[in-house]
Amino acid sequence: MQAATMDPAEEPPSMLWGLDPIFSAFAKLYVRDILQMTESTQVPGIYFYNSHPIYKVDVLGTVVCKREREDFFCYGVDDGTGVINCLCWKNDLLKEAGDPTKSGGKPSDGALGGLNPVAELEKLRQAQLSRCHLEIGELLRVRGPVKTSRQQREISASVYYKVNDPVMAGQIAWMMEVPQLYRQCYDKPFKLQPNATGLAINPLSKATNIIKDFVKQKSVSRFRPYDVQDLLQPLIPSQHQTASADQETVAGPSSCQQLRHLLKEALQVLQDEGIVYRKVKSQDEVYHVTAEDKDLLLAVKDIIREDSRREKYSEKGCHILHILSAVRQRHSLNVSKAALELVLKSLECNSDIVSTSDNHYTVF
């Protein structure tokens, strides 16, 4: 999980950075990658990881060094891949905590036996101080923009606090979440469509949305390509060529060929997303709508109910890969994992099944 070096000439224009959802989010990157990111040549303070514009990050790590000044703490945070300095500014409560002239003192006689605002404020100050004043070896979570000071990369914290994690549950959850974010988002380069600077939308996206609206509005459980082919006709540009007699016409795909190609690609996208699937692959192309296929939902529910009674799956439930294998044996070989995930989500929303842990399901 290391960012590929990017040529400054390949840097996307700054006006298009907002098209990348990672740009407006706190990126949960490893410290190693934060230290190795390339800084933008257009706007200082913006960095790139695999062509993703990034300026604020979210880090969880152990404090390995600390420095305290009058206005801020500087913690060295180690997440196992590297160490980065985090500049954590003190708020007014933290500053007043060290000033004896502003301490709460003894409660007044009128406040005895009742609510003492001064004492409650002192408790709040002490609680916040304990969350923001860390020692070496404690766990710190910090969010904020990335800065470069004295040729060193650091994080200027906008939010920071100590994480109480005695059984390491938070760290384990973090270590499971971050690799998935890398695989699904960060390691996939940010690519712009050729028409990204205009208002045009990819015809393939339009085609998939049209088919999705069709199956949703009509509540169809299955359909054939010719049922939706005419719906995509407006997406194919008409070929009106006014070439003169002495000009040689350029051969190209006809409108019918373009329509069939667009339909084929749109159906493939829907299959990849699990929205539709082909129960039997034959010359008669029949696409089943996953969410409306009652036979598929019933088959998945029966598999989970039967196998959950077995001793092997009685405690944790059935894993999604086991369910997928059983569905392919009993129902159809062409059911994809994405389609199964939609079915499991639908059954769980209807309280027919319950997820016992990550990717494990059982019945009540």
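I started with handedness: α8 passes α9 in a right-handed crossing (the near helix is turned clockwise from the far one by less than a right angle). The model is predicted, so I note that local features need pLDDT of at least 70 and side-chain atom pairs 80 or more, while totals for chains, interfaces and linings use all residues. Numbering runs from 1 along each chain as its sequence is written, and side-chain values use heavy atoms, without hydrogens or water.

Next, the geometry. The axes of α8 (residues 294-308) and α9 (residues 320-330) come within 10 Å and cross at roughly 125°. That makes the pair oblique (under 35 degrees is roughly parallel, over 145 roughly antiparallel, 65 to 115 roughly perpendicular, the rest oblique).

Who touches whom? I find L296, V300, I303, I304, E306 and D307 on α8, against H322, I323, A326, V327 and R330 on α9 (contact is heavy atoms within 4.5 Å). These residues split into seven nonpolar, one polar and three charged.

Then I checked α9 for burial. I320, I323, L324, A326 and V327 are buried (under 20% relative accessible area, 1.4 Å probe, protein chains only). Down the axis of α9 they fall within an arc of 165°, so they line one face of the helix. Their cover includes α8, β13 (318-319), α10 (337-349) and β15 (360-362).

Last, α10. Its axis and that of α9 come within 10 Å and cross at roughly 105°, which means roughly perpendicular. I320, I323, L324, V327 and R328 of α9 meet K337, L340, E341 and L344 of α10. I get six nonpolar, no polar and three charged residues there.

Key: Axes are lines fitted to C-alpha atoms, for helices over the stretch in contact, and angles run from 0 to 180 degrees between N-to-C directions. Helices (H or I, at least four residues) and strands (E, at least two) are DSSP runs, numbered from the N terminus. Ala, Val, Leu, Ile, Met, Phe, Trp, Tyr, Cys and Pro count as nonpolar, Asp, Glu, Lys and Arg as charged, and the others, Gly among them, as polar. Buried means under 20% relative accessible area, exposed over 50%, partly exposed in between (1.4 Å probe, protein chains only). The arc is that of the directions from the helix axis to the C-beta atoms.
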